[in-house]
Amino acid sequence: MINRLETAWETPSAGEVPSPDLVIQLDRIHKTYHLGDIEVHALRGISLGIRRGEFVAIMGPSGSGKSTMMNVIGCLDRPTKGHYLLEGADVSKVDKAGLADIRNKRIGFVFQSFNLVPRTSALENVELPMVYAGVPAAERSRRARAALAEVGLADRERSMPNQLSGGQQQRVAIARALVNNPSLILADEPTGALDTRTSIEVMEIFQRLNRDRNLTVIVVTHEQDIAQYANRIIQFRDGRLRRDFLVENRKSASDVLTQLLPEADGEDNDDFGDSK
Ligand SMILES: Nc1ncnc2c1ncn2[C@@H]1O[C@H](COP(=O)(O)OP(=O)(O)OP(=O)(O)O)[C@@H](O)[C@H]1O
Ligand SMILES: [Mg+2]
């Protein structure tokens, strides 16, 4: 079923990963939070490498350090100890403004709760990272429209977040994560608030981006089913790596979607096809 990776640096079996270069190198990363007198050891010495074009699922019990690790990888938080190289550059030497720039240009974030700006259209939400990056207005709207089309929402660019379903909001969030052409997509429980079918639709988009653009994707999930869309699974426990292995018979989200009962009308029809 699965191949164990003996060390995080070992080359996965041939053909699994298109390119050998490491996007992420973590070397003995620790993160300790101080809560009054109490020290919380959220990460206790994490060493691992992630190559360009990998699709990694991070699993583990609540409190095991998954989000902390995503925050470190996403340059939202600094490790207490250890080294982090992002595309070969030591991030620990970068100042606050530099980190903000890295987050804006190189990393696309997707969250469980979508984090769209309310009362702001889908198109404007997707344009936002380009406003910060100083992209000219005409170019912004061109790229935002293309990104919305890529996630199947070309016809909803004027909709406000509260006029969109959860799955549609998450697709807007994915379009927003894509517009600055990041090298890395970080998604912390992106399907946590979605039903089964919508979750698979979101995984289909991630698989497509991973395959077609060779984008590196890291997804935190509690669901074994969702993790099977990745090509590698990393399990955390108590701030340490517990297992790190390749998924052999990786599932294709687009195949699974075609096998599901067809929807009657494309959207907003959750009563159809549900025989329970
Ligand atoms: N800002 C913080 N201040 C203090 N402790 C924190 C902080 N953030 C996280 N922790 C603690 O660090 C540990 C790891 O938390 P983390 O959020 O990384 O877990 P997780 O694996 O993402 O859990 P979940 O599956 O519930 O999201 C927990 O014990 C948590 O309470
Ligand atoms: Mg978490």
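The following legends describe close-up views of a predicted model.

View 1. The shell around ligand 1 comprises Tyr 33, Leu 35, Val 40, Ala 42, Gly 60, Ser 62, Gly 63, Ser 64, Gly 65, Lys 66, Ser 67 and Thr 68. By class, 7 of these residues are polar, 4 are nonpolar and 1 is charged. At least two shell residues come from each of strand E2 (22–35), strand E3 (38–51) and helix H1 (66–73). Helix H1 provides the largest share, with 3 residues.

**View 2. The open antiparallel sheet.** Four strands form an open sheet in the order E3-E2-E5-E6, and their pairing is antiparallel. Strand E3 and strand E6 (89–90) lie at the edges with a single partner strand each, so one side of each has no neighbour in the sheet. The antiparallel pairing of E2 with E3 extends over 11 bridges. Within this part of the model, His 30 is positioned opposite Arg 44 of E3.

**View 3. Surroundings of Arg 44.** Arg 44 belongs to strand E3. Because 16 other C-beta atoms lie within 10 Å, Arg 44 is classed as partly exposed. Leaving out residues up to four places away in sequence, Arg 44 touches His 30, Gly 239 and Arg 240. Lys 81 is 37 residues from Arg 44 along the chain, and the C-alpha atoms of the two residues are separated by 9.4 Å.

**View 4. Surroundings of Asp 21.** Asp 21 is located in the loop between strand E1 (2–4) and E2. This residue, Asp 21, counts as exposed because it has 11 C-beta neighbours inside 10 Å, and 12 or fewer such atoms place a residue in that class. When residues up to four places away in sequence are not counted, Asp 21 touches Arg 51 and Arg 52. Asp 21 and Gly 88 are 67 residues apart in sequence, yet their C-alpha atoms are 9.2 Å apart in space.

**View 5. Strand E8 and its parallel partners.** Strand E8 (residues 184–188) pairs with two strands shown here, E7 and E9. Strand E7 (residues 107–111) runs parallel to E8 and is joined to it by 5 bridges. In this pairing, Ile 107 stands opposite Leu 184 of E8. The pairing of E8 with strand E9 (residues 216–220) is likewise parallel and also involves 5 bridges. Here Leu 184 faces Thr 216 of E9 as its opposite residue. Helix H6 (residues 196–212), together with E8 and E9, makes a right-handed β-α-β unit.

View 6. Strand E8 is mostly covered, with 5 of its 5 residues buried. Leu 184, Leu 186 and Asp 188 are buried on one face of E8, and Ile 185 and Ala 187 are buried on the other. The largest nonpolar core of the model contains 65 residues, and those touching the most other members are Val 126, Leu 148, Ala 175, Ile 185 and Leu 186. Apart from its neighbours within four places in sequence, Ile 185 is in contact with Gly 108, Val 110, Ala 177, Phe 206, Leu 209, Leu 215 and Val 217.

Conventions. Residues are numbered from 1 along each chain as its sequence is written. Chains are lettered from A and ligands numbered from 1 in the order in which they are written. This is a predicted model: local features need pLDDT of at least 70, side-chain atom pairs count only at pLDDT 80 or more; totals for chains, interfaces and linings use all residues. A residue is near a molecule or strand if its C-beta atom, placed from the backbone, lies within 6 Å of it. Ala, Val, Leu, Ile, Met, Phe, Trp, Tyr, Cys and Pro count as nonpolar, Asp, Glu, Lys and Arg as charged, and the others, Gly among them, as polar. Two strands pair if DSSP finds at least two bridges between them. A residue is buried if 20 or more other C-beta atoms lie within 10 Å of its own, exposed if 12 or fewer, and partly exposed in between; C-beta atoms are placed from the backbone. A crossover is right-handed if, with the strands pointing away from the viewer, the path from the first strand over the helix to the second runs clockwise. Two residues are in contact if their C-beta atoms, placed from the backbone, lie within 7 Å. A nonpolar core is a set of buried Ala, Val, Leu, Ile, Met, Phe, Trp, Tyr and Cys residues joined through C-beta atoms within 7 Å.
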